[in-house]
Structure formats: C-alpha cells, structure tokens
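Have the viewer open and follow along.

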Amino acid sequence: MLRHKGHSSRKDNLAINAVALQDHILHDLQLQNLSVADHPKTQVQKTENKSLKRDAKATIDTGLKKTTQCPKLEDSEKEYVLDPKPPPLTLAQKLGLIGPPPPPLSSDEWEKVKQRSLLQGDSMQPCPICKEDFELRPQVLLSCSHVFHRACLQAFEKFTNKKTCPLCRKNQYQTRVICDGAHLFRIKCATRIQACWRGYVVRKWYQNLRKTVPPTDAKLRKKFFEKKALRREARDCSICLAPLSLASSQRVDTGQRSRETALLSCSHVFHHACLLAFEEFSVGDGPPFHACPLCRSCYQKKILEC
C-alpha cells in the first residue's frame with residue numbers, strides 16, 4: 001500500500017510540474033491576451049455607446065459660453081518607467097521549477113544602464129527596427145541597455161507576441177522612457193543653424209571686403225576700379241562740366257559725336273581731351289607723375305569709349 005501511495009504521489013508531482021511548466025510557457029508567450037474573455041466587454045461597451053447615443057439631445061452652440069482651456073504643459077524631458085510592477089509569479093516559479101523574474105531596477109541601476117547605452121552610442125545610431133533616426137519621437141531604453149522607438153518596440157511585441165529584446169533576445173525586460181535621442185537631435189539642429197548663420201556672416205563680410213579693398217593682381221585691380229567708377233555714375237566731366245556722354249536723341253539733333261572718356265586708376269572719369277589739356281596746362285608734372293584733378297593722386301588712364 002505504501003508503495004502504491006508513493007508511486008501515485010510521484011505521478012501527481014509530475015502532473016503538477018507539467019501543468020506548471022505549461023502555464024509558465026503560456027505566460028511567457030503571453031497567449032493569455034488572446035483569450036476570448038475580452039469580447040463580452042466590447043459588447044457591453046457597444047451597448048453602452050448605443051444607449052448614450054439614444055439618450056443624447058441636440059444642442060445649439062451660440063458661441064456665448066466659450067471657456068478657453070489652457071493646454072496642459074507636460075515636461076517632454078521627463079523620464080519614467082513603463083512597467084514599474086513586476087509580473088505576477090507563475091505556478092512554476094512558485095514551485096521553484098523556474099527562477100522568479102528580476103525585481104524592478106532602482107534609479108541608480110537605471111543610471112548605470114543609461115550610462116552603458118551612452119557609451120555604446122545607441123542614441124546616436126538609428127533605431128535597429130525601422131532604421132530611422134530617433135529625432136523627437138518617443139524613445140525607450142530596455143534593461144539590457146538597448147534603445148528603440150517606443151512605437152517600433154510596441155509593434156515588434158505585438159507581431160512576435162512575446163516580450164524579448166529584438167537584439168539580445170532577453171526575456172521579460174524592463175522599459176524606461178528616455179529623451180537622449182531628442183536631446184542629441186536638438187543639439188544637431190542648433191549646430192546646423194549656427195553653422196549656416198556663421199557662413200552667411202562670413203560671406204557678407206567677404207563681399208564687403210571685395211567691394212572696399214582693391215586686389216593686388218593688376219587685371220583684377222583694373223576691373224575693381226572700373227566697377228567702382230561705374231558704380232559712382234558720374235554724369236558730368238569735372239573739368240569742362242559738360243556731360244560725359246550724349247544721349248542718342250541729342251546726337252541726332254545737334255549732329256555731335258560722343259567724346260572719348262578716360263578712366264583713371266583712382267576711379268575718376270573725365271573727357272579724354274579735357275584730361276590731355278589739363279596735363280599740358282599743369283606745370284612741373286612729368287608724364288608718369290600726373291596728378292588727378294580731383295584727388296591729386298598719381299594715376300594711369302584707360303579710354304572707355306569713342
């Protein structure tokens with residue numbers, strides 16, 4: 001009799017252990033979420049919505065009683081744990097067949113996990129699931145120090161129907177919402193804006209420098225003073241006080257030809273004949289040391305038009 005009792009007790013223990021392991025596997029795969037127990041709740045909600053629609057009355061909005069509600073400002077940089085409570089123990093864990101789940105991580109342990117993720121540079125890399133940058137979208141840190149988009153991780157859990165890390169396959173991980181990717185993205189945007197503004201300031205400074213300081217090359221120097229003279233828009237000769245160039249209508253009426261104009265290296269413009277007469281009239285000045293009638297600087301001349 002004792003032998004039969006011992007044999008039956010062993011069979012009972014094996015059956016209990018088998019049931020406990022099966023229950024643990026079901027909980028591990030999260031198959032209990034696929035049960036049909038939630039359908040009556042949805043039916044009750046539908047009936048409640050129908051009753052609410054029947055009892056609803058039409059109201060006229062006159063716009064007189066409008067209260068402005070201030071939007072609630074939430075701290076976007078706040079970090080919090082998504083699953084603060086550990087999952088309940090299964091029968092196999094209660095019997096000691098399988099180890100219990102790890103306890104919730106403390107704030108110091110989360111800081112260590114976050115430091116490990118920062119050293120790996122996970123927030124600087126794109127999300128391992130969607131291969132896109134984190135930017136300002138919600139970001140989650142797992143207890144195994146891997147980082148994903150929150151929406152991507154939720155879609156992965158829904159698709160696989162189990163809670164395992166997509167990279168290291170760790171089971172029953174803990175998740176924490178972080179903002180490292182958003183912080184790095186803001187810094188990146190700020191540096192780009194600063195670089196664009198600095199480049200714009202330097203380009204404007206260089207353009208003003210090119211307009212005010214003449215170049216050292218002879219050809220570029222001639223072009224510089226020609227542009228400077230044309231920018232002045234001198235209309236009359238400073239020697240004879242006559243127009244530098246006659247309009248086409250004046251040429252037809254008077255039958256005169258336009259006189260040659262000479263551009264000096266100091267960017268002043270005169271009639272060429274007036275300048276030659278001034279050079280002959282000036283006493284004591286040699287050919288290479290003629291002085292400009294306006295600025296009194298030595299010049300070189302160039303005929304612009306006939």
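## A strand covered on both faces

Strand β2 is covered on both of its faces: Gln139 and Leu141 on one side, and Val140 and Leu142 on the other, are all buried. Buried here means under 20% relative accessible area, exposed means over 50%, and partly exposed lies in between (1.4 Å probe, protein chains only). Helices (H or I, at least four residues) and strands (E, at least two) are DSSP runs, numbered from the N terminus. As background, side chains in a regular strand alternate between the two faces of the sheet.

A word on the model itself: it is predicted, so local features need pLDDT of at least 70 and side-chain atom pairs count only at pLDDT 80 or more, while totals for chains, interfaces and linings use all residues. Residues are numbered from 1 along each chain as its sequence is written, and side-chain values use heavy atoms, with hydrogens and water left out.

## The sheet around β2

Which order do the four strands of the open sheet take? The order is β1-β4-β2-β3, with antiparallel pairing; two strands pair if DSSP finds at least two bridges between them. β1 (80–81) and β3 (147–149) stand at the edges with a single partner strand each, so one side of each is left without a neighbour in the sheet.

Going through the pairs, β1 and β4 (residues 175–178) run antiparallel and are joined by two bridges, with Val81 having Arg176 as its bridge partner in β4. β2 and β4, also antiparallel, share four bridges, and here Val140 stands opposite Val177. Three bridges link β2 to β3, again antiparallel, and Leu141 has Val147 as its bridge partner in β3. The hairpin of β2 and β3 has four residues between the strands, and Ser145 takes a positive phi near 75° in this hairpin.

## Helices on the sheet

Asp180 lies in helix α6 and is buried, with a relative accessible area of 12%. Not counting residues up to four places away in sequence, Asp180 touches Glu79, Lys114, Leu118, Ser123 and Gln139.

Gly181 is found in helix α6 too. Is Gly181 buried or exposed? Gly181 is buried, at a relative accessible area of 4%. Leaving aside neighbours within four places in sequence, Gly181 is in contact with Ser123, Phe134, Glu135 and Gln139. The C-alpha atoms of Gly181 and Phe148 are separated by 10.0 Å, and these residues are 33 residues apart along the chain.

## Rings and a charge

How many aromatic pairs are there? The count comes to one aromatic pair, under the rule that rings of Phe, Tyr and Trp (its six-membered ring) pair if their centres lie within 6.5 Å, with planes under 30 degrees apart counted as stacked, over 60 as edge-to-face and the rest as tilted. Trp197 and Tyr200 form this tilted pair, 5.6 Å centre to centre with 35° between the planes. Trp197 and Tyr200 are three residues apart in helix α6 (residues 180–212), and so are separated by about one helical turn. Trp197 counts as exposed at 55% relative accessibility, whereas Tyr200 is partly exposed at 39%.

Elsewhere, the charged end of Lys163 sits over the ring of Tyr173, 5.5 Å from its centre. The rule asks for NZ of Lys or CZ of Arg within 6 Å of the ring centre and within 35 degrees of the ring normal.

## The loop at Ser265

Ser265 is found in the loop between β5 (261–264) and β6 (269–271), and is partly exposed with a relative accessible area of 28%. Phe225, Cys298, Tyr299 and Gln300 are in contact with Ser265, leaving aside neighbours within four places in sequence.

## The chain overall

The chain has nine helices and seven strands, and buried residues make up 23% of its 306 residues.

Technical notes:
Contact = heavy atoms within 4.5 Å.
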